Amino acid sequence: MNGEIETKLKKVGAARVGFADLAQLPEGPRRGFPRAVCAAVALDPKVISRIPEGPFSDYDEEYVRRNTQLDNMGMSLEGWLREKGYGAFALTRERFPYSADTGYSTPLPHKTVARLSGFGWIGKGAVLVTKEYGTAVRLTTVLTDAPFATGRPVQGLGCGSCTACETACPAGAIRGESWQQGMDREVLVDAAACDTALQNRKKGTEIRHAACGLCLAACPHTRQYLKREGALG
């Protein structure tokens with residue numbers, strides 16, 4: 001089952017596919033499903049490398065394109081699993097809008113499932129950090145009762161004493177705290193300050209969807225990915 005799902009998702013652009021045991025999470029957010037599949041796509045390194053230059057349409061287009069790709073990927077996997085007789089529910093943006101109106105939160109964040117699957121850890125900026133791509137990933141999740149082997153969460157935190165994301169944030173929204181299980185997001189990030197800075201950064205542009213991204217571009221793990229892909233000097 002793991003191999004079938006991974007092959008299916010990688011054929012449509014997934015950079016990584018993970019399998020998570022959700023037993024430790026409340027039943028409500030996981031809708032009673034015991035497991036989940038998490039898929040990640042890597043953001044274009046050339047686009048990410050230009051984020052510090054200021055908001056530009058390529059970043060906005062990449063953001064929308066990848067989100068659409070992930071939603072389609074999730075719905076396709078949901079349908080495939082149901083055809084095989086399993087329960088499945090894709091956590092798409094249409095089903096759980098992610099915006100200022102929702103406090104930029106969802107009942108079950110993709111990063112939570114990704115961490116449980118072993119993709120990476122939650123960084124000081126309250127985003128998933130991976131060794132391969134840093135923070136330059138977008139994620140999707142499909143809840144299911146399909147039987148497959150699940151991964152193990154990454155042990156420990158990979159940020160250590162690094163403060164690159166905190167330093168890069170124009171709003172001072174990143175508080176510099178290290179993530180811990182059960183920690184409220186506001187301990188890590190002032191979401192309101194982050195949103196205000198984002199809106200200020202977008203003024204006078206046609207950018208509508210992409211996040212600010214300065215903290216993402218500053219992450220050393222992201223920069224390693226960009227260098228590996230030839231997007232940084």
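**View 1. The sulfur of C215 lies 6.3 Å from the closest cysteine sulfur, that of C165, which is too far for a bond.** A disulfide is a covalent bond between the sulfur atoms of two cysteines; here the term is applied to a pair of cysteine sulfur atoms within 2.5 Å. C219 is in no disulfide either, and the nearest cysteine sulfur, in C162, is 6.6 Å away. A search of the whole structure finds zero disulfides. C215 is partly exposed, at a relative accessible area of 22%, whereas C219 is buried, at 9%. Buried means under 20% relative accessible area, exposed over 50%, and partly exposed in between, for a 1.4 Å probe and protein chains only.

The model shown in these views is predicted: local features need pLDDT of at least 70, side-chain atom pairs count only at pLDDT 80 or more, and totals for chains, interfaces and linings use all residues. Residues are numbered from 1 along each chain as its sequence is written, and side-chain values use heavy atoms, with hydrogens and water left out.

**View 2. Helix 1 (residues 2-11) passes helix 3 (residues 57-83) in a right-handed crossing.** Helices (H or I, at least four residues) and strands (E, at least two) are DSSP runs, numbered from the N terminus. A crossing is right-handed if the near helix is turned clockwise from the far one by less than a right angle, and left-handed if anticlockwise. The two axes come within 11 Å and cross at roughly 145 degrees; axes are lines fitted to C-alpha atoms, for helices over the stretch in contact, and angles run from 0 to 180 degrees between N-to-C directions. E4, I5, K8 and L9 of helix 1 meet M73, S76, L77, W80 and L81 of helix 3, where contact means heavy atoms within 4.5 Å.

**View 3. Four strands form an open sheet in the order 1-2-6-3, with antiparallel pairing.** Two strands pair if DSSP finds at least two bridges between them. Strand 1 (16-21) and strand 3 (88-90) stand at the edges with a single partner strand each, so one side of each has no neighbour in the sheet. The twist averages 25 degrees from one strand to the next. Eight bridges join strand 2 (residues 35-42) to strand 6 (residues 137-144), and R35 has T144 in strand 6 as its bridge partner.

**View 4. Helix 4 (residues 110-117) has the buried residues V113, A114, R115, L116 and S117.** These buried residues pack against strand 1, strand 2, strand 4 (121-122), strand 5 (128-129) and strand 6. Just after helix 4, G118 takes a positive phi of about 100 degrees.
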